[in-house]
Amino acid sequence: MTKKPYYITTPIYYSSGNFHLGHCYTTVICDAIARFKRMDGFDVFYLTGTDEHGQKVQQRAEKAGVTPKKFVDDLYEQIVALWKTLDISYDKFIRTTDSYHELTVQKVYEKLLASGDIYKSEYEGLYCTPCEAFWTESQLVDGKCPDCGREVIKQKEESYFFRLSKYQDRLIKFYEQNPEFISPKSRMNEMINNFIKPGLKDLCISRTTFDWGVKLPFDQKHVAYVWVDALTNYITALGYLQPDHANFDKYWPADLHMVGKEIVRFHTIIWPALLMALDLPLPKKVYGHGWLLFGNDKMSKSKGNIVDPFFLVDRYGVDPIRYFLLREIPFGSDGSYTNEALLVRTNADLVNDLGNLVSRTTAMITQYFGGEIPSPNTYTDLDKELISLCEQTLSKVRTDMDNLSAPDALTDIFRIIQRANKYIDETAPWTLNKNGDKDRLATVMYVLAECIRFAATLLKPFITKTSNIIFEKLGIASPDNFKGIAKFGGTVAGTKVNKGENLFNRIDVNKELKELDEIAEKQNKQTKADEKTADELIDINDFAKVKLVTAKVLSCEKVAKSDKLLVFKLQVGDEIRQVVSGIAQHYSPEYMVGKTVVLVKNLKPAKIRGVESNGMILCCDDDGKVVFVSPEKEVACGKVVR
Ligand code: MSP
């Protein structure tokens, strides 16, 4: 039987570095969905990647003193390592600097030009560089970018425009006919009221103010707007407009674009309009999830509340982190991370409920049956209650996952675990053993082993490693589908269990919180020290901005009514410059005439005491005594100093 294709994507991540736990949220959720769908018989294609072009990357690379390519290569390594650490099972990783992607973006622009969806004009707007987004005056919040709250700048440039306005009515009609397209529903209203109703304007889709991007094939001065470049990844990764387009034929349209709420508008307005212009089918769903906050604040470097996923996984293991993200955050709304919430959740669900069930059951099977899972005898009503709970859970979890609610799915799976723990107390196996009731004891052990098998199978998409360990303990091969949990009774009697170590160790929350605070304090101190060092250091490009030249003093006079100021006429090559300098208390005008000094040539002109000054004479401050800088040998004026 051919499997039904299922195409799921995360946004492609900005190559900005400092990936925090919030960034992991989209990818971990998609991973759980992708793994669930694979086990549920779908032919899944899970795409993620990196968004590597744009002004921001170019600026950051310049600041770091490396080429943009080197900059994005380093960050690519970082994010691949992060996804490995979090056990992310993507099928493809796309980089927007991959040549097949760049070539296809160019073909997309050509197609849009040919269909008349692109035209050339001039753009003037308010641009937020970090978000790579233009805003209208009315969209600003307190005059700042509504997404990140930073300053916007006025930018004017010759640009190509996409006829977005042309698609307004078709978009509205599409939303009406596909009410599930933008989810949750609240986000649909937000898009319609805030963006569509005020009227869609044509979209500026090329830039000339920087060059780190895909060059437009028909006008090489322009690079593609990063959002068009980025959104197109969802089809270029599948082979759209490329010789091998089998994946595109099979997987497009996407079943699910999972994105954070701040980028829903790009995915539900610009992206579908572009696809309409390309005459392609539209994705089935865009889900805008909420943010993971730190307490009540957005995680951000400037707030200093970044939670490092590498640190957490190293300290607690990958599954407590995956479990926390999937279980604790109400899907669709914002959720909050605190160390305490992570530790309490880990202790309650993973250590107490799951860990105890597995260790108690394997210990009892070891103690009472020499480690072999016994054959069950007649099932009582109590057993049947557990059996039917196990058999019903897959369909409940399937519905939860179709609703994209991992917290509900986990709550349903944990019902089996919690019910089974209660069953141990109700059946009191130690009493059955004491009373020599081996038949009943065998049934109870079998029911427990089966409950664990059901739970571990269902948990596999969420806490991948732990589930595999549980199967090792049960002596059963870890399944890669749900077929084995269609019916209770799949465990073969006689299978040998292996108790081994505890799945999770209980965390002493107070002690751990104290330690984490100490670590955070140390790290903050270190970060501040690092920032200070970084502030003090400049790279060669910064230095190159200062133009220093030699200059000969032609004349020098005191500035009227000033004790400190001298006004110089300097010969700089062929040019004569007037410069004001505050060295009158250290040098007389006569002394200065004929001297060679070093001039900062490209300082903005200023008026000092009403006298125009075009540059600055370099001096040393020798404990309050001012000494002007001069070449060690006679040098002609206008020579570059570096
Ligand atoms: N490059 C764009 C996406 C282009 S897709 C065609 C981008 N990248 S991002 O790196 O800023 O964000 C990647 C994902 O991480 C987004 O889904 C974003 O919402 C998510 N998160 C970043 N910080 C987050 C939290 N604090 N909480 C939850 N998710 C957040 O946007």
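## A tour of the model

Begin with the second largest pocket, whose lining has 15 nonpolar, six polar and seven charged residues; here Ala, Val, Leu, Ile, Met, Phe, Trp, Tyr, Cys and Pro count as nonpolar, Asp, Glu, Lys and Arg as charged, and the others, Gly among them, as polar. This is a predicted model, in which local features need pLDDT of at least 70 and side-chain atom pairs count only at pLDDT 80 or more, while totals for chains, interfaces and linings use all residues. Residues are numbered from 1 along each chain as its sequence is written, and side-chain values use heavy atoms, with hydrogens and water left out.

To find this pocket, select F134, T136, Q139, K201 and R265, which lie nearest its centre among the 28 residues of the lining. The elements that give two or more residues to this lining include β4 (118-128), β6 (153-162) and α10 (264-277); helices (H or I, at least four residues) and strands (E, at least two) are DSSP runs, numbered from the N terminus. A pocket is an open set of points on a 1 Å grid over the protein atoms alone, with protein on both sides within 12 Å along at least five of seven lines, whereas a cavity is a set where a 1.4 Å probe fits but cannot get out, and lining residues have an atom within 4 Å of a point.

Next, select I29, I33, F331, M401, L404 and A406, which line the largest cavity. All of this lining is nonpolar, with six nonpolar, no polar and no charged residues.

Now show helix α1 (residues 21-39) and helix α12 (residues 318-328), whose axes come within 9 Å and cross at roughly 85°; axes are lines fitted to C-alpha atoms, for helices over the stretch in contact, and angles run from 0 to 180 degrees between N-to-C directions. The two helices are therefore roughly perpendicular, a term that covers angles of 65 to 115 degrees. In α1, residues including L21, Y25 and I29 meet I321, R322, L325 and L326 of α12, where contact means heavy atoms within 4.5 Å.

Finally, zoom out to the whole chain, where the C-alpha trace spans about 115 × 65 × 40 Å along its principal axes.

Definitions and conventions
Angles under 35 degrees count as roughly parallel, over 145 as roughly antiparallel, 65 to 115 as roughly perpendicular and the rest as oblique.
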